[in-house]
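Work through the exercises below with the sequence and the 3D structure in view. Each task is followed by its solution.

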Amino acid sequence: MSARHLAPLTALLLSLGVYASAPAPGLTPTPSPTPGLPPVSSARVDSLLSSLSLEARVGQLMMVGFYGTEVDEDVEDLVRGYRVGGVCLFKHNILEAQQVARLNDGLRRLLIGHIPPFLTLDQEGGNVVRVRDQVVVLPSNMALGATRSAELAYAAGRAQGEDLRRLGFNMNLAPVLDVNLNPHNPVIGVRSYGDSVPLVSELGRAFVRGQQDAGLVTVAKHFPGHGATDADSHTVLPVMSETREEVLAQMEPFHAAILEGLDGLMTAHVAIPRLTGDNVPATLSPQVLDGLLRKELGFDGLVLTDEMEMEAITQRYGAGRAAVLAVRAGADMVLVPWSPERKAEVYEALLAAARSGELPAARLEQAVRRILTAKLRRGLFETPPVMEQRLATPPPPGNGEVAHLIARASVTLLRTDERSFPLSTEARIAVITAEPSLGDAIRARAPRASVLSVPAYPAESRRAALRQKARKAALAADVVVVGLINSRQVELVTMAAATGKPVVVVTMGLPYLAELVDEARAVLAVYSYQPASTSAAAAALFGEIGTPGRLPVHLRSLSFGHGLDPVGQKQADASRQSTTPHKAARALQGASR
(Lines give C-alpha, C1' and ligand atoms only; values in the text may rest on other atoms or scores of the structure.)
Protein backbone atom coordinates (compact mmCIF):
# COMPACT_ATOMS: atom_id res chain seq x y z
CA MET A 1 0.00 0.00 0.00
CA SER A 2 1.47 3.35 -0.99
CA ALA A 3 2.14 6.02 1.63
CA ARG A 4 -0.64 8.29 0.39
CA HIS A 5 -3.20 5.56 1.05
CA LEU A 6 -1.98 4.88 4.59
CA ALA A 7 -3.34 8.10 6.10
CA PRO A 8 -7.02 7.09 6.16
CA LEU A 9 -6.12 3.65 7.50
CA THR A 10 -4.01 5.19 10.25
CA ALA A 11 -6.81 7.58 11.20
CA LEU A 12 -9.40 4.81 11.20
CA LEU A 13 -7.37 2.44 13.35
CA LEU A 14 -6.46 5.18 15.81
CA SER A 15 -10.17 6.16 16.04
CA LEU A 16 -10.95 2.54 16.89
CA GLY A 17 -8.34 2.54 19.60
CA VAL A 18 -6.09 0.10 17.78
CA TYR A 19 -2.41 0.73 18.32
CA ALA A 20 -0.47 0.03 15.16
CA SER A 21 2.79 -1.33 16.51
CA ALA A 22 5.58 -2.48 14.25
CA PRO A 23 4.77 -5.97 12.98
CA ALA A 24 6.71 -9.00 14.06
CA PRO A 25 8.14 -11.22 11.34
CA GLY A 26 5.35 -13.18 9.67
CA LEU A 27 1.84 -12.33 10.72
CA THR A 28 0.82 -8.98 12.16
CA PRO A 29 -0.05 -9.22 15.86
CA THR A 30 -3.69 -8.74 16.77
CA PRO A 31 -4.73 -5.76 18.90
CA SER A 32 -4.17 -6.42 22.61
CA PRO A 33 -6.57 -9.25 23.47
CA THR A 34 -9.20 -9.06 26.17
CA PRO A 35 -9.68 -12.78 26.89
CA GLY A 36 -12.73 -13.85 28.80
CA LEU A 37 -16.32 -12.71 28.47
CA PRO A 38 -18.25 -10.11 30.45
CA PRO A 39 -19.60 -11.65 33.67
CA VAL A 40 -23.26 -12.59 33.82
CA SER A 41 -25.21 -13.01 37.04
CA SER A 42 -25.86 -16.71 37.59
CA ALA A 43 -28.79 -15.74 39.84
CA ARG A 44 -30.38 -13.87 36.92
CA VAL A 45 -29.91 -16.88 34.66
CA ASP A 46 -31.40 -19.18 37.31
CA SER A 47 -34.40 -16.88 37.70
CA LEU A 48 -35.07 -16.75 33.96
CA LEU A 49 -34.59 -20.49 33.60
CA SER A 50 -37.00 -21.31 36.42
CA SER A 51 -39.69 -19.17 34.75
CA LEU A 52 -39.66 -21.26 31.56
CA SER A 53 -41.99 -24.18 30.99
CA LEU A 54 -40.69 -27.31 29.26
CA GLU A 55 -42.29 -26.14 26.01
CA ALA A 56 -40.63 -22.72 26.30
CA ARG A 57 -37.25 -24.32 26.99
CA VAL A 58 -37.56 -26.42 23.85
CA GLY A 59 -38.54 -23.30 21.88
CA GLN A 60 -35.31 -21.63 22.99
CA LEU A 61 -33.35 -24.37 21.20
CA MET A 62 -34.77 -23.35 17.81
CA MET A 63 -33.28 -20.85 15.37
CA VAL A 64 -35.84 -20.44 12.58
CA GLY A 65 -36.26 -18.66 9.26
CA PHE A 66 -39.24 -17.74 7.12
CA TYR A 67 -40.19 -16.33 3.73
CA GLY A 68 -41.36 -12.74 3.46
CA THR A 69 -40.22 -9.23 4.30
CA GLU A 70 -42.59 -8.27 7.11
CA VAL A 71 -44.20 -9.66 10.23
CA ASP A 72 -47.47 -11.22 9.13
CA GLU A 73 -49.80 -13.74 10.73
CA ASP A 74 -47.67 -16.73 9.69
CA VAL A 75 -44.52 -15.19 11.13
CA GLU A 76 -46.33 -14.30 14.33
CA ASP A 77 -47.60 -17.87 14.68
CA LEU A 78 -44.09 -19.19 14.11
CA VAL A 79 -42.22 -16.93 16.52
CA ARG A 80 -44.85 -16.70 19.25
CA GLY A 81 -46.17 -20.20 18.75
CA TYR A 82 -42.84 -21.88 19.40
CA ARG A 83 -41.40 -19.01 21.47
CA VAL A 84 -38.24 -19.50 19.46
CA GLY A 85 -34.78 -18.68 20.68
CA GLY A 86 -33.77 -16.95 17.48
CA VAL A 87 -34.68 -15.88 13.96
CA CYS A 88 -32.28 -15.98 11.02
CA LEU A 89 -32.87 -13.64 8.08
CA PHE A 90 -31.70 -14.31 4.53
CA LYS A 91 -31.44 -12.25 1.37
CA HIS A 92 -35.08 -12.90 0.47
CA ASN A 93 -36.13 -11.25 3.76
CA ILE A 94 -34.20 -8.03 3.16
CA LEU A 95 -35.03 -5.19 0.77
CA GLU A 96 -33.28 -2.15 2.28
CA ALA A 97 -32.11 -0.72 5.58
CA GLN A 98 -35.34 0.79 6.90
CA GLN A 99 -37.38 -2.27 5.95
CA VAL A 100 -35.08 -4.77 7.68
CA ALA A 101 -34.74 -2.53 10.75
CA ARG A 102 -38.54 -2.42 10.96
CA LEU A 103 -38.70 -6.20 10.49
CA ASN A 104 -36.18 -6.83 13.28
CA ASP A 105 -38.05 -4.51 15.63
CA GLY A 106 -41.30 -6.27 14.79
CA LEU A 107 -39.78 -9.68 15.50
CA ARG A 108 -38.46 -8.44 18.83
CA ARG A 109 -41.90 -7.07 19.80
CA LEU A 110 -43.47 -10.48 19.22
CA LEU A 111 -41.63 -11.78 22.28
CA ILE A 112 -41.98 -8.80 24.63
CA GLY A 113 -42.55 -10.21 28.11
CA HIS A 114 -40.74 -13.41 27.17
CA ILE A 115 -37.11 -14.18 26.27
CA PRO A 116 -35.89 -11.82 23.50
CA PRO A 117 -34.76 -13.62 20.35
CA PHE A 118 -31.41 -13.70 18.65
CA LEU A 119 -31.88 -11.75 15.41
CA THR A 120 -29.22 -12.97 13.05
CA LEU A 121 -27.97 -13.38 9.50
CA ASP A 122 -24.78 -14.61 7.87
CA GLN A 123 -23.14 -11.44 6.65
CA GLU A 124 -19.65 -12.63 5.74
CA GLY A 125 -18.73 -10.25 2.93
CA GLY A 126 -17.45 -11.47 -0.42
CA ASN A 127 -19.75 -14.13 -1.85
CA VAL A 128 -22.12 -14.16 1.16
CA VAL A 129 -23.81 -10.78 1.62
CA ARG A 130 -27.42 -10.55 2.84
CA VAL A 131 -27.79 -6.79 3.34
CA ARG A 132 -26.13 -3.97 1.38
CA ASP A 133 -27.99 -0.81 2.33
CA GLN A 134 -26.34 1.42 4.97
CA VAL A 135 -23.75 -1.19 5.95
CA VAL A 136 -20.14 -1.80 5.03
CA VAL A 137 -19.96 -4.55 2.37
CA LEU A 138 -16.65 -6.26 2.96
CA PRO A 139 -14.51 -7.99 0.35
CA SER A 140 -14.01 -11.69 0.98
CA ASN A 141 -12.11 -13.17 3.90
CA MET A 142 -9.47 -14.30 1.40
CA ALA A 143 -8.97 -10.64 0.45
CA LEU A 144 -8.28 -9.94 4.12
CA GLY A 145 -5.88 -12.87 4.08
CA ALA A 146 -3.98 -11.22 1.23
CA THR A 147 -3.54 -8.04 3.31
CA ARG A 148 -1.83 -9.96 6.15
CA SER A 149 -3.25 -7.29 8.48
CA ALA A 150 -4.84 -8.22 11.80
CA GLU A 151 -5.54 -4.49 12.27
CA LEU A 152 -7.70 -4.47 9.14
CA ALA A 153 -9.42 -7.70 10.26
CA TYR A 154 -10.27 -6.08 13.58
CA ALA A 155 -11.51 -2.92 11.84
CA ALA A 156 -13.65 -5.05 9.50
CA GLY A 157 -15.31 -6.91 12.36
CA ARG A 158 -15.85 -3.73 14.37
CA ALA A 159 -17.33 -1.75 11.46
CA GLN A 160 -19.59 -4.58 10.34
CA GLY A 161 -20.81 -5.23 13.87
CA GLU A 162 -21.66 -1.57 14.45
CA ASP A 163 -23.52 -1.30 11.15
CA LEU A 164 -25.55 -4.47 11.74
CA ARG A 165 -26.55 -3.37 15.23
CA ARG A 166 -27.96 -0.14 13.78
CA LEU A 167 -30.30 -2.30 11.68
CA GLY A 168 -31.49 -4.21 14.74
CA PHE A 169 -29.40 -7.37 14.43
CA ASN A 170 -27.81 -8.71 17.59
CA MET A 171 -25.96 -11.74 16.16
CA ASN A 172 -23.93 -12.59 13.06
CA LEU A 173 -23.01 -16.06 11.81
CA ALA A 174 -19.47 -15.05 10.86
CA PRO A 175 -16.52 -15.25 10.50
CA VAL A 176 -15.68 -18.41 8.58
CA LEU A 177 -12.68 -20.03 10.28
CA ASP A 178 -12.28 -22.97 7.90
CA VAL A 179 -8.78 -23.41 6.45
CA ASN A 180 -9.19 -23.79 2.68
CA LEU A 181 -6.75 -26.66 2.23
CA ASN A 182 -8.49 -28.14 -0.81
CA PRO A 183 -8.35 -25.93 -3.94
CA HIS A 184 -11.38 -27.83 -5.25
CA ASN A 185 -13.49 -27.23 -2.16
CA PRO A 186 -16.95 -26.40 -3.55
CA VAL A 187 -18.36 -24.50 -0.59
CA ILE A 188 -15.61 -22.58 1.27
CA GLY A 189 -13.09 -21.04 -1.18
CA VAL A 190 -12.74 -17.26 -0.77
CA ARG A 191 -14.92 -17.43 2.34
CA SER A 192 -11.71 -18.60 4.07
CA TYR A 193 -8.80 -16.34 4.99
CA GLY A 194 -6.45 -18.78 3.28
CA ASP A 195 -4.80 -22.19 3.50
CA SER A 196 -2.42 -21.33 6.36
CA VAL A 197 -3.53 -22.30 9.86
CA PRO A 198 -1.57 -19.45 11.53
CA LEU A 199 -2.96 -16.89 9.07
CA VAL A 200 -6.57 -18.01 9.55
CA SER A 201 -6.08 -18.10 13.32
CA GLU A 202 -4.56 -14.61 13.52
CA LEU A 203 -7.07 -12.84 11.29
CA GLY A 204 -10.04 -14.81 12.60
CA ARG A 205 -9.42 -13.94 16.22
CA ALA A 206 -8.89 -10.27 15.33
CA PHE A 207 -12.17 -10.17 13.39
CA VAL A 208 -13.98 -11.89 16.27
CA ARG A 209 -12.67 -9.34 18.73
CA GLY A 210 -13.72 -6.45 16.50
CA GLN A 211 -17.25 -7.73 15.97
CA GLN A 212 -17.73 -8.54 19.65
CA ASP A 213 -16.33 -5.16 20.67
CA ALA A 214 -19.21 -3.75 18.61
CA GLY A 215 -21.59 -5.68 20.88
CA LEU A 216 -22.69 -8.29 18.33
CA VAL A 217 -23.07 -11.95 19.32
CA THR A 218 -20.47 -13.64 17.13
CA VAL A 219 -20.89 -17.22 15.90
CA ALA A 220 -17.85 -18.51 14.00
CA LYS A 221 -18.14 -21.44 11.60
CA HIS A 222 -17.90 -24.32 10.60
CA PHE A 223 -16.47 -26.39 13.49
CA PRO A 224 -14.36 -28.57 13.34
CA GLY A 225 -13.51 -27.47 9.78
CA HIS A 226 -14.96 -27.75 6.28
CA GLY A 227 -11.97 -26.50 4.30
CA ALA A 228 -10.30 -29.76 3.35
CA THR A 229 -13.43 -31.40 1.95
CA ASP A 230 -14.35 -31.95 -1.69
CA ALA A 231 -18.14 -32.07 -1.22
CA ASP A 232 -20.92 -29.67 -0.22
CA SER A 233 -22.97 -30.67 2.83
CA HIS A 234 -26.01 -28.99 1.28
CA THR A 235 -26.22 -32.03 -1.03
CA VAL A 236 -24.12 -34.89 0.42
CA LEU A 237 -22.20 -35.74 3.57
CA PRO A 238 -18.54 -34.71 3.14
CA VAL A 239 -16.08 -37.18 4.64
CA MET A 240 -12.74 -35.91 5.95
CA SER A 241 -9.93 -38.40 5.35
CA GLU A 242 -7.36 -36.57 7.48
CA THR A 243 -5.69 -38.09 10.52
CA ARG A 244 -6.59 -37.00 14.03
CA GLU A 245 -3.50 -34.77 14.14
CA GLU A 246 -4.44 -33.10 10.84
CA VAL A 247 -8.01 -32.51 12.01
CA LEU A 248 -6.76 -31.01 15.26
CA ALA A 249 -4.52 -28.66 13.27
CA GLN A 250 -7.54 -27.43 11.27
CA MET A 251 -9.30 -26.75 14.56
CA GLU A 252 -6.60 -24.33 15.73
CA PRO A 253 -8.35 -21.19 14.34
CA PHE A 254 -11.41 -22.10 16.41
CA HIS A 255 -9.21 -22.63 19.44
CA ALA A 256 -7.61 -19.20 18.90
CA ALA A 257 -11.05 -17.58 18.70
CA ILE A 258 -12.16 -19.41 21.85
CA LEU A 259 -9.17 -17.97 23.69
CA GLU A 260 -10.28 -14.54 22.42
CA GLY A 261 -13.63 -14.99 24.21
CA LEU A 262 -15.75 -16.19 21.28
CA ASP A 263 -19.52 -16.12 21.90
CA GLY A 264 -20.54 -19.08 19.75
CA LEU A 265 -19.67 -21.71 17.16
CA MET A 266 -21.62 -23.22 14.28
CA THR A 267 -21.06 -26.91 13.57
CA ALA A 268 -20.20 -28.53 10.24
CA HIS A 269 -22.07 -31.49 8.78
CA VAL A 270 -18.88 -33.44 8.03
CA ALA A 271 -17.86 -36.97 8.98
CA ILE A 272 -14.40 -37.57 10.49
CA PRO A 273 -13.97 -41.35 10.57
CA ARG A 274 -10.28 -41.33 11.52
CA LEU A 275 -11.14 -39.20 14.52
CA THR A 276 -14.46 -40.68 15.65
CA GLY A 277 -14.32 -44.19 14.16
CA ASP A 278 -17.63 -43.74 12.33
CA ASN A 279 -19.39 -41.63 9.68
CA VAL A 280 -21.62 -39.70 12.08
CA PRO A 281 -21.65 -36.00 11.11
CA ALA A 282 -19.74 -33.77 13.53
CA THR A 283 -23.01 -31.93 14.26
CA LEU A 284 -24.42 -35.12 15.80
CA SER A 285 -21.24 -36.53 17.34
CA PRO A 286 -20.74 -36.47 21.12
CA GLN A 287 -17.04 -37.22 20.51
CA VAL A 288 -16.68 -34.01 18.52
CA LEU A 289 -18.98 -31.62 20.39
CA ASP A 290 -18.81 -32.82 23.98
CA GLY A 291 -15.40 -34.45 23.76
CA LEU A 292 -13.23 -32.29 21.53
CA LEU A 293 -15.01 -28.95 21.75
CA ARG A 294 -16.20 -28.88 25.34
CA LYS A 295 -13.65 -31.01 27.18
CA GLU A 296 -10.44 -30.68 25.15
CA LEU A 297 -10.79 -27.10 23.90
CA GLY A 298 -12.67 -25.93 26.99
CA PHE A 299 -15.40 -24.07 25.08
CA ASP A 300 -18.42 -23.23 27.22
CA GLY A 301 -20.11 -20.83 24.82
CA LEU A 302 -23.07 -21.26 22.52
CA VAL A 303 -23.09 -24.07 19.91
CA LEU A 304 -25.47 -23.66 16.97
CA THR A 305 -25.88 -26.30 14.27
CA ASP A 306 -25.68 -25.58 10.57
CA GLU A 307 -29.00 -25.96 8.75
CA MET A 308 -30.75 -29.17 9.79
CA GLU A 309 -32.45 -29.31 6.39
CA MET A 310 -29.27 -29.97 4.43
CA GLU A 311 -29.17 -33.26 2.56
CA ALA A 312 -26.11 -34.36 4.56
CA ILE A 313 -28.50 -34.61 7.53
CA THR A 314 -31.97 -35.30 6.14
CA GLN A 315 -30.96 -38.14 3.79
CA ARG A 316 -29.92 -40.33 6.70
CA TYR A 317 -31.62 -39.04 9.83
CA GLY A 318 -34.49 -36.68 9.10
CA ALA A 319 -34.54 -33.21 10.63
CA GLY A 320 -36.42 -34.10 13.82
CA ARG A 321 -34.32 -37.10 14.79
CA ALA A 322 -31.13 -35.23 13.89
CA ALA A 323 -32.13 -32.29 16.10
CA VAL A 324 -32.47 -34.58 19.10
CA LEU A 325 -29.12 -36.24 18.38
CA ALA A 326 -27.41 -32.86 17.94
CA VAL A 327 -28.64 -31.49 21.28
CA ARG A 328 -27.78 -34.76 23.03
CA ALA A 329 -24.29 -34.50 21.51
CA GLY A 330 -23.74 -30.99 22.89
CA ALA A 331 -25.36 -28.49 20.52
CA ASP A 332 -27.44 -25.78 22.19
CA MET A 333 -29.51 -24.55 19.23
CA VAL A 334 -30.60 -26.06 15.92
CA LEU A 335 -31.02 -24.01 12.75
CA VAL A 336 -34.24 -24.80 10.85
CA PRO A 337 -34.72 -21.97 8.35
CA TRP A 338 -36.88 -23.28 5.53
CA SER A 339 -39.79 -25.73 5.59
CA PRO A 340 -42.69 -25.11 8.05
CA GLU A 341 -43.16 -28.88 8.20
CA ARG A 342 -39.53 -29.37 9.23
CA LYS A 343 -39.87 -26.75 11.97
CA ALA A 344 -42.87 -28.61 13.37
CA GLU A 345 -41.01 -31.91 13.05
CA VAL A 346 -38.00 -30.55 14.95
CA TYR A 347 -40.06 -28.96 17.72
CA GLU A 348 -42.22 -32.04 18.27
CA ALA A 349 -39.18 -34.35 18.24
CA LEU A 350 -37.30 -32.25 20.78
CA LEU A 351 -40.35 -31.90 23.01
CA ALA A 352 -41.07 -35.63 22.91
CA ALA A 353 -37.44 -36.45 23.67
CA ALA A 354 -37.48 -34.03 26.62
CA ARG A 355 -40.67 -35.54 27.98
CA SER A 356 -39.44 -39.12 27.62
CA GLY A 357 -36.01 -38.44 29.07
CA GLU A 358 -34.18 -39.34 25.84
CA LEU A 359 -33.04 -35.72 25.95
CA PRO A 360 -31.95 -35.56 29.60
CA ALA A 361 -33.32 -32.68 31.65
CA ALA A 362 -29.79 -31.70 32.68
CA ARG A 363 -28.64 -31.44 29.03
CA LEU A 364 -31.72 -29.37 28.11
CA GLU A 365 -31.13 -27.07 31.09
CA GLN A 366 -27.45 -26.69 30.17
CA ALA A 367 -28.33 -25.69 26.60
CA VAL A 368 -30.94 -23.14 27.65
CA ARG A 369 -28.60 -21.76 30.30
CA ARG A 370 -25.96 -21.10 27.63
CA ILE A 371 -28.55 -19.39 25.41
CA LEU A 372 -29.74 -17.15 28.25
CA THR A 373 -26.16 -16.35 29.27
CA ALA A 374 -25.28 -15.22 25.74
CA LYS A 375 -28.40 -13.06 25.56
CA LEU A 376 -27.70 -11.43 28.89
CA ARG A 377 -24.02 -10.92 28.11
CA ARG A 378 -24.71 -9.06 24.87
CA GLY A 379 -27.57 -6.94 26.22
CA LEU A 380 -30.56 -8.54 24.47
CA PHE A 381 -32.78 -7.87 27.48
CA GLU A 382 -32.09 -4.14 27.23
CA THR A 383 -34.51 -2.07 25.17
CA PRO A 384 -32.67 -0.81 22.07
CA PRO A 385 -33.06 2.76 20.79
CA VAL A 386 -36.04 3.21 18.49
CA MET A 387 -35.46 2.49 14.81
CA GLU A 388 -35.63 6.13 13.68
CA GLN A 389 -33.00 7.13 16.22
CA ARG A 390 -30.69 4.24 15.27
CA LEU A 391 -30.89 4.95 11.56
CA ALA A 392 -30.53 8.71 12.04
CA THR A 393 -27.29 8.18 13.96
CA PRO A 394 -24.42 8.14 11.47
CA PRO A 395 -21.99 5.21 11.69
CA PRO A 396 -18.64 5.91 13.37
CA PRO A 397 -16.11 7.78 11.20
CA GLY A 398 -14.21 5.47 8.91
CA ASN A 399 -16.69 2.58 8.76
CA GLY A 400 -17.48 3.32 5.13
CA GLU A 401 -13.79 3.27 4.19
CA VAL A 402 -12.94 -0.12 5.68
CA ALA A 403 -13.97 -2.13 2.63
CA HIS A 404 -11.91 0.07 0.31
CA LEU A 405 -8.86 -0.08 2.56
CA ILE A 406 -9.03 -3.87 2.64
CA ALA A 407 -9.58 -4.08 -1.11
CA ARG A 408 -6.61 -1.85 -1.95
CA ALA A 409 -4.33 -3.64 0.50
CA SER A 410 -5.33 -7.03 -0.95
CA VAL A 411 -4.57 -6.44 -4.66
CA THR A 412 -2.00 -9.07 -5.63
CA LEU A 413 0.01 -8.99 -8.85
CA LEU A 414 0.76 -12.63 -9.56
CA ARG A 415 2.73 -12.12 -12.76
CA THR A 416 3.49 -9.54 -15.44
CA ASP A 417 5.74 -9.14 -18.47
CA GLU A 418 6.29 -5.50 -17.43
CA ARG A 419 5.14 -4.30 -20.87
CA SER A 420 1.45 -4.95 -20.32
CA PHE A 421 1.13 -3.57 -16.79
CA PRO A 422 0.18 -0.94 -15.80
CA LEU A 423 -2.24 0.10 -18.55
CA SER A 424 -2.46 3.45 -20.28
CA THR A 425 -5.67 5.45 -19.95
CA GLU A 426 -5.29 6.37 -23.63
CA ALA A 427 -5.33 2.77 -24.84
CA ARG A 428 -8.27 1.12 -26.55
CA ILE A 429 -9.17 -1.42 -23.88
CA ALA A 430 -11.68 -4.21 -24.36
CA VAL A 431 -13.09 -5.32 -21.01
CA ILE A 432 -14.71 -8.76 -20.92
CA THR A 433 -16.24 -9.39 -17.52
CA ALA A 434 -18.98 -11.16 -15.65
CA GLU A 435 -19.00 -8.38 -13.04
CA PRO A 436 -20.28 -5.04 -14.45
CA SER A 437 -18.64 -2.92 -11.76
CA LEU A 438 -15.18 -3.86 -13.09
CA GLY A 439 -16.09 -2.57 -16.53
CA ASP A 440 -17.56 0.61 -15.04
CA ALA A 441 -14.42 1.27 -12.97
CA ILE A 442 -12.13 0.81 -15.98
CA ARG A 443 -14.29 2.86 -18.33
CA ALA A 444 -14.32 5.72 -15.80
CA ARG A 445 -10.54 5.92 -16.18
CA ALA A 446 -10.10 5.05 -19.86
CA PRO A 447 -12.62 6.84 -22.13
CA ARG A 448 -11.82 4.60 -25.12
CA ALA A 449 -12.59 1.39 -23.22
CA SER A 450 -15.45 -0.85 -24.33
CA VAL A 451 -17.17 -3.43 -22.14
CA LEU A 452 -18.51 -6.86 -23.07
CA SER A 453 -20.66 -8.15 -20.21
CA VAL A 454 -20.90 -11.92 -19.98
CA PRO A 455 -22.96 -14.12 -17.65
CA ALA A 456 -21.18 -15.68 -14.71
CA TYR A 457 -22.66 -19.06 -15.58
CA PRO A 458 -23.43 -19.03 -19.32
CA ALA A 459 -25.77 -21.65 -20.74
CA GLU A 460 -24.06 -24.19 -23.00
CA SER A 461 -26.09 -22.93 -25.95
CA ARG A 462 -24.63 -19.41 -25.54
CA ARG A 463 -20.94 -20.23 -25.13
CA ALA A 464 -20.04 -20.34 -28.83
CA ALA A 465 -21.61 -16.93 -29.42
CA LEU A 466 -19.80 -15.47 -26.40
CA ARG A 467 -16.47 -16.75 -27.70
CA GLN A 468 -17.06 -14.99 -31.01
CA LYS A 469 -18.03 -11.77 -29.25
CA ALA A 470 -14.84 -11.96 -27.21
CA ARG A 471 -12.78 -12.41 -30.37
CA LYS A 472 -14.47 -9.45 -32.04
CA ALA A 473 -13.94 -7.23 -29.00
CA ALA A 474 -10.26 -8.20 -28.82
CA LEU A 475 -9.62 -7.48 -32.48
CA ALA A 476 -10.88 -3.92 -32.05
CA ALA A 477 -8.68 -3.21 -29.01
CA ASP A 478 -5.06 -2.53 -28.14
CA VAL A 479 -5.26 -4.60 -24.96
CA VAL A 480 -7.90 -6.89 -23.41
CA VAL A 481 -8.82 -7.11 -19.72
CA VAL A 482 -10.75 -10.23 -18.76
CA GLY A 483 -12.42 -10.40 -15.36
CA LEU A 484 -12.78 -13.96 -14.06
CA ILE A 485 -15.22 -15.02 -11.37
CA ASN A 486 -15.07 -18.75 -12.11
CA SER A 487 -13.62 -21.18 -14.63
CA ARG A 488 -16.56 -20.67 -17.02
CA GLN A 489 -14.90 -17.50 -18.31
CA VAL A 490 -11.44 -19.01 -18.92
CA GLU A 491 -12.22 -19.89 -22.54
CA LEU A 492 -12.80 -16.18 -23.20
CA VAL A 493 -9.19 -15.52 -22.19
CA THR A 494 -8.05 -18.14 -24.69
CA MET A 495 -10.19 -16.65 -27.45
CA ALA A 496 -8.96 -13.10 -26.80
CA ALA A 497 -5.30 -14.16 -26.64
CA ALA A 498 -5.64 -16.05 -29.93
CA THR A 499 -6.02 -12.70 -31.69
CA GLY A 500 -2.47 -11.80 -30.69
CA LYS A 501 -3.59 -8.92 -28.51
CA PRO A 502 -2.10 -8.70 -24.99
CA VAL A 503 -4.47 -9.99 -22.33
CA VAL A 504 -4.53 -8.93 -18.68
CA VAL A 505 -6.60 -11.09 -16.32
CA VAL A 506 -8.26 -9.96 -13.09
CA THR A 507 -9.35 -12.89 -10.92
CA MET A 508 -12.29 -11.81 -8.77
CA GLY A 509 -12.82 -15.27 -7.31
CA LEU A 510 -10.37 -17.96 -6.29
CA PRO A 511 -6.73 -17.19 -7.12
CA TYR A 512 -6.37 -20.79 -8.37
CA LEU A 513 -7.95 -19.47 -11.59
CA ALA A 514 -4.54 -17.91 -12.38
CA GLU A 515 -3.25 -21.41 -13.13
CA LEU A 516 -5.72 -21.75 -16.01
CA VAL A 517 -4.72 -18.63 -17.96
CA ASP A 518 -1.17 -19.19 -19.22
CA GLU A 519 -1.96 -16.95 -22.22
CA ALA A 520 -2.34 -13.86 -20.05
CA ARG A 521 0.52 -11.33 -20.03
CA ALA A 522 -0.36 -10.18 -16.52
CA VAL A 523 -2.60 -11.59 -13.79
CA LEU A 524 -4.06 -9.57 -10.91
CA ALA A 525 -5.96 -11.19 -8.00
CA VAL A 526 -8.49 -9.31 -5.88
CA TYR A 527 -10.41 -12.30 -4.38
CA SER A 528 -13.84 -10.62 -4.60
CA TYR A 529 -16.32 -9.18 -7.08
CA GLN A 530 -17.71 -6.64 -4.61
CA PRO A 531 -17.48 -3.01 -5.83
CA ALA A 532 -14.68 -2.10 -3.43
CA SER A 533 -12.52 -4.83 -4.92
CA THR A 534 -13.29 -4.09 -8.56
CA SER A 535 -12.57 -0.41 -7.93
CA ALA A 536 -9.23 -1.36 -6.36
CA ALA A 537 -8.46 -3.62 -9.33
CA ALA A 538 -9.06 -0.77 -11.78
CA ALA A 539 -6.91 1.61 -9.73
CA ALA A 540 -4.09 -0.93 -9.73
CA LEU A 541 -4.43 -1.64 -13.45
CA PHE A 542 -3.65 2.01 -14.23
CA GLY A 543 -0.89 2.39 -11.67
CA GLU A 544 -2.85 4.65 -9.33
CA ILE A 545 -2.03 2.35 -6.42
CA GLY A 546 0.47 -0.39 -5.83
CA THR A 547 -0.21 -4.12 -5.55
CA PRO A 548 0.80 -4.87 -1.95
CA GLY A 549 -1.27 -8.07 -1.52
CA ARG A 550 0.36 -11.43 -0.92
CA LEU A 551 -1.05 -14.83 -1.87
CA PRO A 552 -2.93 -16.32 1.10
CA VAL A 553 -2.90 -19.79 -0.51
CA HIS A 554 -0.43 -22.04 -2.30
CA LEU A 555 -0.64 -22.42 -6.08
CA ARG A 556 1.13 -25.11 -8.07
CA SER A 557 3.58 -22.63 -9.58
CA LEU A 558 3.45 -19.79 -7.03
CA SER A 559 4.23 -20.04 -3.35
CA PHE A 560 2.22 -18.82 -0.39
CA GLY A 561 3.12 -15.17 0.16
CA HIS A 562 3.98 -14.46 -3.47
CA GLY A 563 3.19 -11.01 -4.85
CA LEU A 564 4.78 -8.39 -7.10
CA ASP A 565 4.51 -4.64 -6.56
CA PRO A 566 6.47 -2.74 -9.23
CA VAL A 567 4.28 0.39 -8.97
CA GLY A 568 4.27 0.38 -5.19
CA GLN A 569 8.04 -0.01 -5.10
CA LYS A 570 8.50 3.05 -7.31
CA GLN A 571 6.11 5.04 -5.11
CA ALA A 572 7.93 3.89 -1.98
CA ASP A 573 11.29 4.93 -3.45
CA ALA A 574 9.91 8.36 -4.35
CA SER A 575 8.39 8.73 -0.89
CA ARG A 576 11.67 7.92 0.83
CA GLN A 577 13.43 10.55 -1.24
CA SER A 578 10.87 13.27 -0.57
CA THR A 579 9.65 12.79 2.99
CA THR A 580 9.73 10.56 6.04
CA PRO A 581 6.38 8.85 6.66
CA HIS A 582 4.68 9.17 10.01
CA LYS A 583 5.73 6.44 12.45
CA ALA A 584 2.25 4.86 12.53
CA ALA A 585 2.11 4.91 8.74
CA ARG A 586 5.44 3.12 8.54
CA ALA A 587 4.17 0.44 10.89
CA LEU A 588 0.98 0.03 8.91
CA GLN A 589 2.89 -0.10 5.65
CA GLY A 590 4.74 -3.09 7.03
CA ALA A 591 1.47 -4.58 8.29
CA SER A 592 -0.19 -4.26 4.89
CA ARG A 593 2.57 -6.31 3.32
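**Surface and burial**

The protein has an accessible surface of about 21700 Å², and 52% of that surface belongs to carbon and sulfur atoms (Shrake-Rupley method, 1.4 Å probe). This is a predicted model, in which local features need pLDDT of at least 70 and side-chain atom pairs count only at pLDDT 80 or more, while totals for chains, interfaces and linings use all residues. Residues are numbered from 1 along each chain as its sequence is written, and side-chain values use heavy atoms, with hydrogens and water left out.

**Exercise 1.** State what percentage of the residues count as buried.

Solution. Buried means under 20% relative accessible area, with a 1.4 Å probe and protein chains only.

**Exercise 2.** Find the order of the strands in the open sheet.

Solution. Begin with the strands, which are DSSP runs (E, at least two residues) numbered from the N terminus. Two strands pair if DSSP finds at least two bridges between them. The sheet has 8 strands in the order β3-β2-β1-β8-β7-β6-β5-β4, and the pairing is parallel. Next, look at the edges: β3 (118–120) and β4 (171–172) each have a single partner strand, so one side of each lacks a neighbour in the sheet.

**Exercise 3.** Describe how β2 is joined to β3.

Solution. Locate β2 at residues 86–88; 3 bridges join this strand to β3, and the two run parallel. Then find Gly86, which stands opposite Phe118 in β3.

Definitions and conventions:
Buried < 20%, exposed > 50% of the residue type's maximum accessible area, 1.4 Å probe, protein only. Helix = DSSP H or I, 4+ residues; strand = E, 2+ residues; numbered from the N terminus.
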